[in-house]
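Here are my notes after going through this one.

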Amino acid sequence: MTPATNPDTFIAAALWTGFAALLLTLLLGLQIIGMRLMLRRRQRSDARALARWRPLLNAAIVGEMPDSLPPLRRAERLPFLRLWAHLQGSLRGEANEALNEVARRLGIDAYARGLLVRGSRPARLLSALVLGHLHDREAWPALLRMAEQPDNTVALTALWALVRVDPPAAADYMVPLFIAREEWALSLAAGILQQATEPAAAALTRLLPQLGEDKLPRALRIAEALHLALPGAVLGAALRSPSMPVVIAGLRGVRTPETLLEVRALLAHADWQVRVQAARALGRVGERADAERLVQLLGDREWWVRYRAAEALLELPALSRADLDVLRASLTDRFAADMLSQALAESANK
């Protein structure tokens with residue numbers, strides 16, 4: 001009998017395997033217990049920090065700024081930052097500035113700049129929010145580097161902070177970036193850029209004439225999401241484009257009557273999607289004389305064109321409800337009359 005087939009060898013190997021498994025289980029259990037104890041200690045420490053600093057921050061918020069502040073202990077820094085950022089996000093005006101004064105007096109700006117470079121991912125995200133609220137210009141280079149990272153959450157948080165630090169400079173940097181990064185939702189771009197709508201409008205006005213037809217639709221959609229009124233010359237060029245996506249995006253952004261002639265011309269476009277958007281744009285900026293143009297669209301072969309034309313008639317500022325009732329009674333096309341009746345009923349139920 002060889003050692004490899006000896007039963008005692010198998011028994012010994014099984015015993016050692018079982019002992020090793022038991023030892024590993026005990027070590028894992030001890031590690032879990034240690035982690036739980038550490039978590040509880042941290043929670044108690046955080047609770048003490050919040051109990052110490054919340055009254056002071058609340059006093060500053062209501063205009064009772066303390067003459068002197070206690071030192072911020074090392075263990076209190078992160079819970080203080082979380083509490084401070086939470087309060088900043090729920091307040092406006094003088095209360096924000098009071099919180100900023102407290103943070104600067106405690107040296108939070110310098111601490112957050114250090115976290116921005118050396119902290120963990122959650123700490124960097126938190127520090128970016130804090131530095132954005134503080135409008136900390138010294139953090140600009142580090143925030144720019146953070147904005148270039150492939151992690152979308154990290155990059156977008158840094159962009160939010162940049163626009164709070166310096167809106168004009170941030171808009172010049174971010175508008176081309178948001179046009180290029182098509183994987184980022186327009187709502188995210190608008191949510192960040194709404195802190196700098198005027199600089200963003202200026203940046204878009206400069207960029208639009210330089211963009212190719214592949215980038216123009218997204219740029220125009222960004223302007224639409226921000227409810228920007230682009231200059232008539234810039235928007236008119238988009239409405240005269242041979243590219244249907246550019247024309248549609250341009251029509252969605254019509255906010256003023258400067259491009260009324262171009263909008264009217266597009267009511268007869270061969271593509272029904274363009275006619276839909278032209279009708280909607282005419283409802284926003286049209287005149288009383290445009291009612292007849294919209295009435296003609298009530299007879300369009302496409303249902304959506306007829307529907308949007310009826311809605312646009314209701315939006316025309318020059319037409320009263322009495323005018324619309326007279327107009328509906330005058331319609332000889334049954335489908336057109338039905339569509340206008342439907343739009344009037346929907347409007348009454350809103």
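1. A word on terms before the residues come up: buried stands for under 20% relative accessible area, exposed for over 50%, and partly exposed for whatever sits in between. K215, at 26% relative accessibility, therefore goes down as partly exposed. Keep in mind that this is a predicted model.

2. K215 has a partner, so let's stay there. Its side chain meets that of E182 in a salt bridge, 3.8 Å from N to O. The two come from distant parts of the chain, 33 residues apart: E182 is in the loop between α8 (167–180) and α9 (186–193), while K215 is in the loop between α10 (197–207) and α11. E182 has a relative accessible area of 48%, so E182 is partly exposed too.

3. How many salt bridges does a search of the whole structure find? The count is 22. One of them pairs R121 with D151, with 2.7 Å between the closest N and O atoms. R121 belongs to helix α5 and D151 to the loop between α6 (140–147) and α7 (152–165), so this pair ties together parts that are 30 residues apart in sequence. R121 is at 37% relative accessibility and so counts as partly exposed; D151 is partly exposed as well, because its relative accessible area is 26%.

4. Next up is E224 with R252, another salt bridge, where the closest N and O atoms are 3.0 Å apart. Here the link runs between helices: E224 sits in α11 and R252 in α13, 28 residues apart. Are the two partners buried or partly exposed? E224 is at 16% relative accessibility, so E224 counts as buried, whereas R252, at 23%, counts as partly exposed.

5. While you're at α13 (residues 244–252), check its buried residues: V246, V247, I248, A249, G250 and L251. What covers them? The cover includes α11 (216–225), α12 (232–239), α14 (260–266) and α15.

6. That brings us to α15 and its packing against α17. As a reminder, two packed helices are described by the angle between their axes and the distance between the axes. For α15 and α17 (residues 303–315), the axes come within 7 Å and cross at roughly 5°. Angles under 35 degrees count as roughly parallel, so α15 is roughly parallel to α17. On the α15 side the contact is made by W272, R275, V276, A279, R280, G283 and R284, and on the α17 side by W304, V305, R308, A309, A312 and E315.

7. Together with W303 and W304, W272 forms a nonpolar patch on the surface, with about 310 Å² of accessible area for the three together.

8. Last, a serine in the helix that also holds R121. S127 lies in α5 (residues 121–133). With 0% relative accessibility, S127 counts as buried. Which residues does S127 contact, leaving aside neighbours within four places in sequence? They are A112, L115 and L116.

Note on methods:
Residues numbered from 1 in each chain as written. Predicted model: local features only at pLDDT ≥ 70, side-chain atom pairs only at ≥ 80, totals over all residues. Heavy atoms only, no water. Helix = DSSP H or I, 4+ residues; strand = E, 2+ residues; numbered from the N terminus. Buried < 20%, exposed > 50% of the residue type's maximum accessible area, 1.4 Å probe, protein only. Contact = heavy atoms within 4.5 Å. Patch = residues over 30% accessible without salt bridge, like charges linked within 9 Å, V, L, I, M, F, W, Y side chains within 5 Å. Areas by Shrake-Rupley, 256 points an atom, 1.4 Å probe, with all protein chains shown as cover. Salt bridge = Lys/Arg side-chain N within 4 Å of Asp/Glu carboxyl O. Axes fitted to C-alpha atoms, helices over the stretch in contact; angles between N-to-C directions. Parallel < 35°, antiparallel > 145°, perpendicular 65-115°, else oblique.
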